[in-house]
2 protein chains.
Amino acid sequence: MDYSKFIARASEVFRASEIRELLKVVEARKVISFTGGYPDPQTFPRESLAKIAYEVIVNYGDRALQYSPTKGVTVFRQTLIKYLKDKDVKVSKEDDIIVTTGSQQGLDLISRTLIDPGDYIVTENPTYLAALTAFRTARPNVVGVPIDEWGMRTEVLEEKLRNLESSGRRVKFVYTIPIAHNPAGTTMSPERKKHLLELASQYDFIVIEDDPYSFFVYDEADVTRLKTLDSEGRVVYLSTMSKVLSPGIRVGWILGPQQLIDLFERAKQSADLHTPTLSQYIAKEAIEKGVVSETVEKARKIYRVKRDAILSALSENMVENSWWVKPVGGLFLMVWLPPEIDTREMLPTAIDEGVAYVPGAPFFVDESGRNTMRLNFSYPSIEEIRSGIEILGRIVRRKLGR
Amino acid sequence: MDYSKFIARASEVFRASEIRELLKVVEARKVISFTGGYPDPQTFPRESLAKIAYEVIVNYGDRALQYSPTKGVTVFRQTLIKYLKDKDVKVSKEDDIIVTTGSQQGLDLISRTLIDPGDYIVTENPTYLAALTAFRTARPNVVGVPIDEWGMRTEVLEEKLRNLESSGRRVKFVYTIPIAHNPAGTTMSPERKKHLLELASQYDFIVIEDDPYSFFVYDEADVTRLKTLDSEGRVVYLSTMSKVLSPGIRVGWILGPQQLIDLFERAKQSADLHTPTLSQYIAKEAIEKGVVSETVEKARKIYRVKRDAILSALSENMVENSWWVKPVGGLFLMVWLPPEIDTREMLPTAIDEGVAYVPGAPFFVDESGRNTMRLNFSYPSIEEIRSGIEILGRIVRRKLGR
């Protein structure tokens with residue numbers, strides 16, 4: 001039978017990603033991959049989590065295997081709030097928290113509830129691709145604000161806000177990854193954080209702060225969250241257990257004003273009823289028994305060495321007029337190559353020669369950044385990082401005829 | 001700050017449920033509850049699942065704690081396909097399968113991809129409330145078809161299809177729970193299944209078959225699935241591990257034509273990346289090690305006795321002119337009371353006297369069925385079932401002045 005007439009609109013909304021298809025091919029081949037956002041499985045606390053899972057099921061199985069509230073298991077939400085407060089994330093009396101099926105679901109719930117078709121929203125340019133994809137299903141106008149080594153250029157944001165206002169348009173929210181940005185690796189300066197919140201107040205918009213990485217930075221860095229600096233209830237704060245424990249259990253959360261969290265709860269009710277109860281009990285025990293802290297310490301050491309390895313390799317192998325930022329944390333950095341290079345065009349060659357990366361253009365709201373690539377440094381080994389970057393350097397030089 | 005202008009549309013789409021709020025109050029009080037759709041925790045294979053979880057994490061932790069494909073863990077999908085084939089669910093060469101975060105997510109993905117605003121879709125009247133809620137977020141026109149003890153009255157469906165066609169309207173899909181219907185407890189007769197598929201072919205629509213219950217019926221019953229009878233690739237088949245293993249791990253699936261599954265995959269990518277990897281590995285081992293079969297055998301025995309208990313209690317205590325069906329499986333039945341009774345109005349009295357149920361009207365597309373209530377018989381104990389139904393009978397007689 002012919003399904004096309006049933007799915008015409010949806011096929012347009014949920015488009016197949018050319019890059020995703022290409023990278024599926026990569027998985028089957030033996031190449032050095034800088035593509036994923038995968039934690040190094042060395043960091044997984046297998047023995048501890050195995051014991052926790054066993055004990056949770058034996059001791060609390062009646063609850064841990066049962067349906068649970070849409071907002072999340074109550075005792076886990078309490079543990080999370082305490083954890084966040086301990087890490088200097090401000091939780092105010094007007095706030096509430098909802099557990100999500102990974103923080104991807106947080107982005108989806110925000111998209112489904114806060115965006116009306118035609119709304120104006122702002123993101124960094126580049127920004128996290130999966131956020132862009134989730135937001136776009138609600139058909140907003142996305143305005144990109146460029147970044148530099150201090151994160152979002154808020155003076156450009158201000159100008160854009162002014163222009164939008166003068167043409168009668170308002171911005172609903174600004175989405176930002178202030179610390180250890182994905183894909184760019186940048187961290188927002190304290191001045192810009194302050195400026196962003198001033199603009200939020202002046203132009204009356206919400207700030208969506210996506211913060212998967214601040215809990216395990218590698219250097220001394222100011223990780224003060226926008227949520228903590230906010231005094232007007234404008235910040236909706238997302239984070240996740242994916243990088244500090246395990247992505248495979250799919251536990252994220254949104255912390256924010258009660259009224260918005262209640263709305264997210266109603267949307268989640270219809271989306272998947274609730275996040276797996278077992279995952280929440282495991283995460284709760286892992287926080288309380290210090291397993292998260294141990295994982296973070298381990299991850300920090302492993303990733304710092306890998307981050308330093310990719311930075312040296314880039315310095316040694318990349319041509320002049322390339323640019324990247326030293327990330328204080330996270331799993332990624334982005335390399336801007338000379339404008340003659342088209343990284344999408346270059347990818348098949350790279351794969352043939354044994355290396356894969358993610359071309360940068362899709363991370364850009366306007367599909368600019370054709371000369372950029374996102375590199376993940378958490379998953380490949382040190383040896384792979386060294387030889388992978390060497391191969392990439394060689395290909396780029398050849399393309400440039402140097 | 002004032003959030004209302006940010007969420008005006010969404011507050012309309014994702015409405016707070018009055019009944020849900022009322023039932024939240026119930027949880028805090030000590031009443032006999034026929035409200036939930038909770039499996040009896042006695043059925044949970046705690047020891048076996050605890051061991052499986054431990055071994056999965058120790059032996060395959062690198063994979064089980066890691067990100068995994070959006071369509072589901074490949075080895076689990078293979079296990080599922082084999083399981084379904086063993087249970088006589090037809091899996092054709094043109095089919096594919098996607099693992100969902102509970103079958104609620106399956107309903108949500110279908111809503112987001114198959115329904116365009118204004119589309120006509122059909123459900124049984126009454127139907128599963130959470131399906132109705134999920135579908136309505138996409139703003140379709142929902143047409144309800146009445147049921148009797150043999151399930152959906154397909155001759156009424158045919159008439160409605162004819163009328164819609166004559167006014168130039170087409171139905172996109174028919175959603176049905178053929179076996180052990182929630183809320184009504186009915187099972188579709190073989191003749192009606194055949195008729196439904198003939199109509200699907202004639203009027204060119206898709207059939208969404210929601211089948212959480214056929215794997216553990218209590219009596220001899222014909223559980224042949226529409227999916228198995230379908231020869232045109234019209235049936236999209238949903239099921240779940242929730243009732244045959246544990247709802248708390250949130251593992252459901254959709255089996256259907258590849259082209260539709262690929263679309264669901266793209267929508268799920270943006271919704272939550274993937275269903276928890278750990279849950280999928282646990283479900284895989286539980287199927288392969290026979291833990292699911294054992295759970296089903298245990299559940300079948302427990303629920304049969306409870307079902308028989310509620311049926312006797314109803315016969316003894318309900319007034320004349322009440323109607324219900326003996327369910328061959330599932331966790332629910334619906335009682336139609338005399339038309340003078342409004343079950344929503346009666347609920348506070350019932351709660352005061354120690355019993356809670358779900359008023360039936362919201363399960364009806366047209367909010368009819370004000371004289372109905374849904375009763376869950378899997379969660380309360382036999383003793384609770386007996387005294388709960390006795391109390392309900394008394395209240396109804398009092399309301400009727402008998």
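**Entry 1: the contact between the chains.** I began with the contact, to which chain A gives 61 residues and chain B gives 62 residues, two residues being in contact if their C-beta atoms, placed from the backbone, lie within 7 Å. By residue type, the side of chain A that touches chain B divides into 32 nonpolar, 18 polar and 11 charged residues; here Ala, Val, Leu, Ile, Met, Phe, Trp, Tyr, Cys and Pro count as nonpolar, Asp, Glu, Lys and Arg as charged, and the others, Gly among them, as polar. I also noted that 100% of the interface residues of chain A are interface residues in chain B as well, so the copies meet through the same surface.

**Entry 2: conventions.** I must keep in mind that this is a predicted model, in which local features need pLDDT of at least 70 and side-chain atom pairs count only at pLDDT 80 or more, while totals for chains, interfaces and linings use all residues. Residues are numbered from 1 along each chain as its sequence is written, and chains are lettered from A and ligands numbered from 1 in the order in which they are written.

**Entry 3: chain A as a whole.** I count 14 helices and 13 strands in chain A, where helices (H or I, at least four residues) and strands (E, at least two) are DSSP runs numbered from the N terminus. The C-alpha atoms of chain A fill a box of roughly 65 × 60 × 60 Å along the principal axes. Of its 402 residues, 56% count as buried, which requires 20 or more other C-beta atoms within 10 Å of the residue's own C-beta, whereas 12 or fewer make a residue exposed and counts in between make it partly exposed, with C-beta atoms placed from the backbone.

Entry 4: Not counting residues up to four places away in sequence, A53(B) touches A53(A), Y54(A), I57(A) and I282(B).

I then followed helix α11 (residues 277–288) of chain B, whose 12 residues reach 17 Å from first C-alpha to last, close to the expected 16 Å, that span being 1.5 Å times one less than the number of residues. Is α11(B) largely enclosed or exposed? I find 11 of its 12 residues buried, so α11(B) is largely enclosed by the rest of the structure. Its buried residues, including I282(B), pack against α11 (277–288) of chain A together with α3 (46–64), α4 (74–86), β2 (95–100) and α12 (291–317) of chain B. After α11(B) comes G290(B), with a positive phi near 80 degrees.

**Entry 5: single residues.** W324(A) lies in the loop between α12 (291–317) and β10 (332–336) of chain A, and counts as buried with 22 C-beta neighbours inside 10 Å.

The peptide bond from N125(A) to P126(A) is cis, with omega near 10 degrees, and P126(A) sits in the loop between β3 (120–125) and α6 of chain A.

Finally I looked up two positive phi values: R250(B) is near 55 degrees and counts as buried with 31 C-beta neighbours inside 10 Å, whereas E367(B) is at about 60 degrees and counts as exposed with 10 such neighbours.
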